[in-house]
Amino acid sequence: MKVKGIALFLFFSFLLTSCGTERVSDIGKTKKQVYAMDTIMDLTLYGDDTEKVMDEALKLIWRYESLFSVNREKSDVARINAAGGAPVTVSGETYELLSRSLEFSEETNGLFDISIYPLVRIWGFTTGDYQIPPLSRRREAQKLVNYKKIRLMKNSQVQLEKGMQIDLGAVAKGYLSQKLMELFKNRGISSALVSLGGNVQSIGAKENGELFQIGITDPADGTGIYGVLKTKDKAVVTSGIYQRYFTQGGKQYHHIMDKRTGMPAENSLSSVTVVADNGTAADALATALYVMGEEKAIRYQKSHPDIGVLLIRKDGSYWQSEGLGFEKE
């Protein structure tokens with residue numbers, strides 16, 4: 001069995017090559033790299049006197065990890081999952097993210113669904129104990145996946161049907177990047193770039209006026225650069241089958257689950273990149289559009305022209321929405 005996990009994006013300005021907590025302060029720039037939410041995170045703030053703002057950003061990261069982690073015993077998500085169907089009072093942020101997640105579920109006809117955790121778990125993508133579960137187990141898990149049975153009640157209370165469990169992994173980093181942008185703007189930062197394990201979001205442009213250049217990973221090998229997007233004030237998120245998978249019996253099984261089959265989603269695509277004004281939306285839609293497949297993903301984008309979409313096919317070709325400006329290497 002072969003297992004692989006990899007970052008979604010590579011930056012031209014800084015590559016994700018190591019994990020540490022050392023601060024780098026240059027004239028007009030403060031950089032920080034940390035490990036949180038099970039991934040490497042890089043933050044860069046441009047301007048003078050940005051270190052205090054960076055400290056606030058780090059506190060926000062640690063707070064959200066403590067709330068959203070499915071593996072932390074006292075997190076909001078873990079408490080919801082362990083409640084056995086009883087109501088749980090959660091933080092305002094968790095309640096907001098759950099509410100937004102249900103909106104995206106409605107928007108995508110349930111193809112984005114945070115209650116998919118039972119399926120992801122039996123495949124081993126949360127524990128590292130990778131396996132192909134038998135059909136009987138998949139069918140049992142499928143019965144527990146239904147976002148419509150997540151109840152959001154008054155006073156920030158959340159209730160699941162007994163046996164159900166949730167996982168915010170497909171949206172939490174996008175929510176965090178959006179909140180970081182809001183923090184930076186409130187603190188007067190006019191130029192910033194964050195990469196949260198590949199979820200990329202920016203404010204403004206570089207100090208010299210150049211747009212940020214974001215390298216899109218080549219899904220053929222998961223390490224090279226397929227092409228470049230130049231962005232300003234945007235969130236850029238990719239969902240791809242190369243990011244986390246295992247191989248068994250000569251076949252690759254990736255982590256993007258289709259709740260309709262209980263299996264990894266099967267279609268012509270190897271990755272989907274969504275460019276949006278909002279990080280939460282970009283994160284959720286990147287997953288949903290991959291599950292949709294090429295034809296429906298293109299149809300969705302054309303009916304939602306406020307987002308940009310890049311589809312990379314398994315044969316190495318690609319499609320991009322009008323005006324996206326993607327340039328292949």
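How many of the residues of α7 are buried? The count is 14 of 14, so helix α7 is mostly covered. This is a predicted model, and the report below walks through some of its parts.

**Confidence**

The average pLDDT of the protein chain is 90. A score of at least 70 is reached by 91% of the residues. Residues 1-27 have a pLDDT below 50. In the model, this stretch still makes 94 contacts beyond near neighbours in sequence. Where pLDDT is low, predicted coordinates should not be read in detail.

**Helix α7**

Helix α7 covers residues 279-292, which is 14 residues. From first C-alpha to last, α7 reaches 20 Å. That is close to the 20 Å expected at 1.5 Å a residue. Look at the start of α7: a side-chain oxygen of Asn278 comes to within 2.9 Å of the backbone nitrogen of Thr280. After α7 comes Gly293, with a positive phi near 90°.

Is strand β9 enclosed or open? Five of the five residues of β9 (residues 192-196) are buried, so the strand is largely enclosed by the rest of the structure. In a regular strand, side chains alternate between the two faces of the sheet. Both faces of β9 are covered. Ala192, Val194 and Leu196 are buried on one side, and Leu193 and Ser195 are buried on the other.

β9 pairs with strand β5 (residues 39-46) in the antiparallel sense, over five bridges. Asp42 has Ser195 of β9 as its bridge partner. β9 also pairs with strand β10 (residues 199-203), again antiparallel and over five bridges. Here Leu196 is bridged to Asn199 in β10. β9 and β10 form a hairpin with two residues between the strands. In that hairpin, Gly197 takes a positive phi near 65°.

**A three-strand sheet**

Another sheet is open and has three strands, in the order β6-β8-β7. Its pairing is antiparallel. β6 (88-89) and β7 stand at the edges with a single partner strand each, so one side of each has no neighbour in the sheet. Helix α3 (residues 92-107) packs on this sheet and touches β7 and β8. The direction of α3 makes about 135° with that of β7. Three bridges join the antiparallel pair β7 and β8. Met153 has Gln157 of β8 as its bridge partner.

Asn155 and Asp233 are not glycines, yet each has a positive phi. The table sets them side by side.

| Residue | Phi | Loop between | Relative accessibility |
|---|---|---|---|
| Asn155 | about 60° | β7 (151-153) and β8 (157-159) | 70% |
| Asp233 | about 55° | β12 (225-231) and β13 (235-240) | 37% |

Asn155 counts as exposed because its relative accessibility is 70%, and the cut-off for exposed is over 50%. Asp233, at 37%, is partly exposed.

**A buried asparagine**

Asn81 belongs to helix α2 (residues 76-81). Why does Asn81 count as buried? Its relative accessibility is 13%, and buried means under 20%. A polar atom of the Asn81 side chain lies 2.8 Å from the backbone nitrogen of Ile166. Setting aside neighbours within four places in sequence, Asn81 is in contact with Val70, Tyr117, Leu160, Gln165 and Ile166.

Conventions: Residues are numbered from 1 along each chain as its sequence is written. This is a predicted model: local features need pLDDT of at least 70, side-chain atom pairs count only at pLDDT 80 or more; totals for chains, interfaces and linings use all residues. Side-chain values use heavy atoms; hydrogens and water are left out. Helices (H or I, at least four residues) and strands (E, at least two) are DSSP runs, numbered from the N terminus. Buried means under 20% relative accessible area, exposed over 50%, partly exposed in between (1.4 Å probe, protein chains only). A polar contact is a pair of N or O atoms within 3.5 Å; within protein, one must be able to donate a hydrogen and the other to accept it, and residues adjacent in sequence count only if both atoms are side-chain atoms. Contact means heavy atoms within 4.5 Å. pLDDT is the predictor's confidence in each residue, from 0 to 100. The expected span of a helix is 1.5 Å times one less than its number of residues. Two strands pair if DSSP finds at least two bridges between them. Axes are lines fitted to C-alpha atoms, for helices over the stretch in contact, and angles run from 0 to 180 degrees between N-to-C directions.
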